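Hi everyone, and thanks for coming. Please have a look at the structure on the screen, and then I'll walk you through a few places in it.

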Amino acid sequence: MKAKLSFQSSLARTCLGATAAAALLALSAASAAQAPAGEPVPKLNDRRPFLGPDARTSEDPVRIPMKPVAETGPELVIRGGRLFDAVSGSVRPATVVIQGNRIKAVLSPDATGWGADAKIIDAAGKTVLPGLIDMHTHVTYPDRASPFDEQGSEGAGTLRGQRNLRYFLESGFTSVRDLNGVSNAPFLLSQWSAADMIPAPRVFAAGWIITGTGGHATERPVTPSHGPDYAKEVDGPDAWRGMVRKAFKEGASVIKIASHFAPDEVRAGIEEAHLLGLKVTCDCETIYTEMAVDAGIDMIEHPLPRSDAAIAKMAKKKIAAVPTLQVYQNLLDRAGGFYGSTSRRFTMTSQGNFDEFKKMKAAGIVMGVGTDTIGDASLMVPNSYIAELKWFVRGGYSVTDALKAGTIVNARLLDMGDELGSIEPGKLADIIIVDGRPDENLDDLAKVEQVIKDGQWLIRDGELVTPRHVSTPLVKPSPPADVK
């Protein structure tokens, strides 16, 4: 997938989404009729077999065919660094060559041969890693500085999101999965980032939460961030299908659902998303987790309580988890637990959450790394992510395996493992340089010095540097010579 998502392609995607939704209406209805509750939900509709081997597509799980664009401009070369191989977990000296927005080559440390106009980054004594990925963010959510009457504003949310995405970028994150926000703000940020119109990580956006009436993030008392601007209440299988289609139309690259729901509703939503080629993740608890697992969900978020039977089913069906332990530790440290919520009717403790994590690890469930940054938690980047990695280590991961979870494992869970998550020739050039050895000491992840996202060197010596605007020339010299 080698083309950037332009505004024109974004518009085309909207049209394609509407057309695809209409075209799939009869298919999905027939599928529902032919697939009783006991039968499996259709697998993810992978578009790659229908694309040519050298086809360029949008750089997201939707994979829209794009017009080829030649990679031009001087090469960018990273020399002298310790390369962290996220696939094997090993570290070795290497030279990385970038052309356009792609990794052109990974060479021996003493290699030469690039163009005379190449830009050279000296990474001697530092560690070169794939860009970090956060699998659970909410960058447009209000914080304590947000006026109450602007918390439901798409414009204010977009501006908050742009600011928060800069914090992520400065901290070494080149991709985030945003799992709901205000109105269409997450989709707008995703499109602008993909077009390199703002300095930001890639944004893989769900857009909003889909839940049943009174479900999570809609309970009373209704507030701007717990209401229709952030979450969509739908009832009945057809309405769940329709809301999934709407999310796809607006630009979703993942679908986020939450309890409460009925078995036929969650099944319909997952089936429709899979037909459209999108993964589904669920903010679920207690009986709803098992319902989602039975319905063919792809991932479960959070350490919310679930039965041992649900964990066993997750393992058997290879359903992944994004545990987000630290955000709940923050909640416990601040408020002591959940109070007054009809979608969180259970007791939570640090030990109970960690026990859920350990059970999932023991069962062999693949787990990704996410922080669930909401509101002021965006100001904690990257401390919350480093703490999340330390939870993984406390739970039995090696430091290396924790880093792999935050890079290549997260990329695979995004359905982007062929493009992101490791430093390999042909992959997208999302690379960070850290002053230290984070493969030995996770705290060194706070020392990000250089960040290259989509081949652009955006963070230099820890500070944001954006390319200068190139002025478009006038059609003709002006004032015209014949004007007296």
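Let's start with one histidine. Leaving aside neighbours within four places in sequence, H216 is in contact with I209, T211, A231, A258, S259, H260, D283, S343 and R344, where contact means heavy atoms within 4.5 Å. A word on the source: this is a predicted model, where local features need pLDDT of at least 70 and side-chain atom pairs count only at pLDDT 80 or more, while totals for chains, interfaces and linings use all residues. Residues are numbered from 1 along each chain as its sequence is written, and side-chain values use heavy atoms, with hydrogens and water left out.

Back to our histidine. H216 sits in the loop between β11 (209-211) and β12 (231-233); helices (H or I, at least four residues) and strands (E, at least two) are DSSP runs, numbered from the N terminus. Is H216 buried or exposed? H216 counts as buried because its relative accessibility is 12%; buried means under 20% relative accessible area, exposed over 50%, and partly exposed in between, with a 1.4 Å probe and protein chains only. Its side chain makes polar contacts with the side chains of D283 (3.3 Å) and S343 (3.0 Å). A polar contact is a pair of N or O atoms within 3.5 Å; within protein, one must be able to donate a hydrogen and the other to accept it, and residues adjacent in sequence count only if both atoms are side-chain atoms.

Now for the cysteines. How many disulfides does the count come to? The count is one, with a disulfide being a pair of cysteine sulfur atoms within 2.5 Å. The disulfide joins C282 to C284, with 1.7 Å from S to S, and this link is right-handed, with 90 degrees about the S-S bond. C282 is buried at a relative accessible area of 0%, and C284 is buried at 0% too.

Next, please find helix α8, residues 325-335. Eight of its eleven residues are buried, so the helix is mostly covered. Those buried residues include L325, V327 and Y328, and the buried residues of α8 pack against α9 (350-362) and α10 (383-394). Just after α8, G336 takes a positive phi of about 90 degrees.

Let's finish with charges. Side chains of opposite charge can pair when their charged atoms come close. How many salt bridges does a search of the whole structure find? The search finds 33, each a side-chain nitrogen of Lys or Arg within 4 Å of a carboxyl oxygen of Asp or Glu. In one of them, E59 pairs with R202, the closest N and O atoms being 3.1 Å apart. That pair links distant parts of the chain, 143 residues apart: E59 is in the loop between β1 (56-57) and β2 (65-66), and R202 is in strand β10 (residues 202-205). Both E59 and R202 are buried.

Another salt bridge brings together the side chains of R63 and D415 (3.3 Å, N to O). R63 lies in the loop between β1 and β2, and D415 in the loop between α11 (399-413) and β18 (431-434), so the pair ties together parts that are 352 residues apart in sequence. R63 and D415 are both buried.
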